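Hi,

Here is the structure I promised to pass on. Have a look at it, and my notes follow below.

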Amino acid sequence: RWFERKSALFSAGLRDMDAILGRDDRLVEKLVDAASKLDVNFVAIIGTPVPAVIGTDYHALGRMCEKKLNMPVVTIDTDGMELYDVGEEKAWLALFQTFAGNFVPENSGRIGLLGLTPQDTSDLRAPEKIRKYYREKGKEAICYCMGAGLREIQTAGNVEKNIVVSPAALKTAKYLKQTFGTPYEVGYPIVEELVPELDYQGKKILIVHQQVIGNAIRAEIRHRCSCHDTEITVAS
């Protein structure tokens, strides 16, 4: 998405010895400086390999920064050693645990989309298409983190239901159900556009995608051709 808009992503730029000796004051100083120059509502500190190796206390670091910034600081204890969806899962959960307010689900006509990111859909226009899809059904789609911002996360408790479009957001959907009673479904609402019109009868098909969309594509192919002799494998 950063081909189309500016990124508010910064590297701490600390020297190895600064990190190893725990000179957290230098990181806090840089973070406060960056936040003061931007119009932001919160700050996130994302872990990388070096602080993971030396056992950085992210919660303590977050509290130090909050005192200086006077705004919420979210800390994500990633270590740079795992696949992107592991970090996404932690980030989704931290965002909603920190900011989702005490709302009761209501018949609002609002549908929450969880797990929608450029990595998971490979389509920057996916939110626009999904909003149109639900608008035609008389509903309003809230595409968290792709179009919808902090205000929508704060009111996440009053959507009718959530749609989980990638595995990374499943824990968050379960958290929202436990906290607010919001039901959720797993799937991709506009999967039809991802499946070309082809003859699938009797073929061996390999679908390479993240698991939710891969499963949705497989189900769509089976729905279209009603073919029992077609072998479809999802590699996720």
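T117 sits in the loop that runs between β3 (110-114) and α6 (118-121); helices (H or I, at least four residues) and strands (E, at least two) are DSSP runs, numbered from the N terminus. With a relative accessibility of 7%, T117 counts as buried, a term that means under 20% relative accessible area with a 1.4 Å probe and protein chains only. Its side chain makes a polar contact of 3.0 Å with the side chain of E88 (a pair of N or O atoms within 3.5 Å, one able to donate a hydrogen and the other to accept it; residues adjacent in sequence count only if both atoms are side-chain atoms). Beyond its neighbours within four places in sequence, T117 is in contact (heavy atoms within 4.5 Å) with E88, W92 and M146.

A word on the source: this is a predicted model, where local features need pLDDT of at least 70 and side-chain atom pairs pLDDT 80 or more, while totals for chains, interfaces and linings use all residues. Residues are numbered from 1 along each chain as its sequence is written, and side-chain values use heavy atoms, leaving out hydrogens and water.

Now for the protein as a whole. It holds 10 helices and 8 strands, and its C-alpha trace spans about 65 × 40 × 35 Å along the principal axes. Of the 236 residues, 41% are buried. Among contacts with a separation of 6 or more, 69% are between residues 24 or more positions apart.

Enjoy exploring it!

Best wishes

Notes:
Buried < 20%, exposed > 50% of the residue type's maximum accessible area, 1.4 Å probe, protein only.
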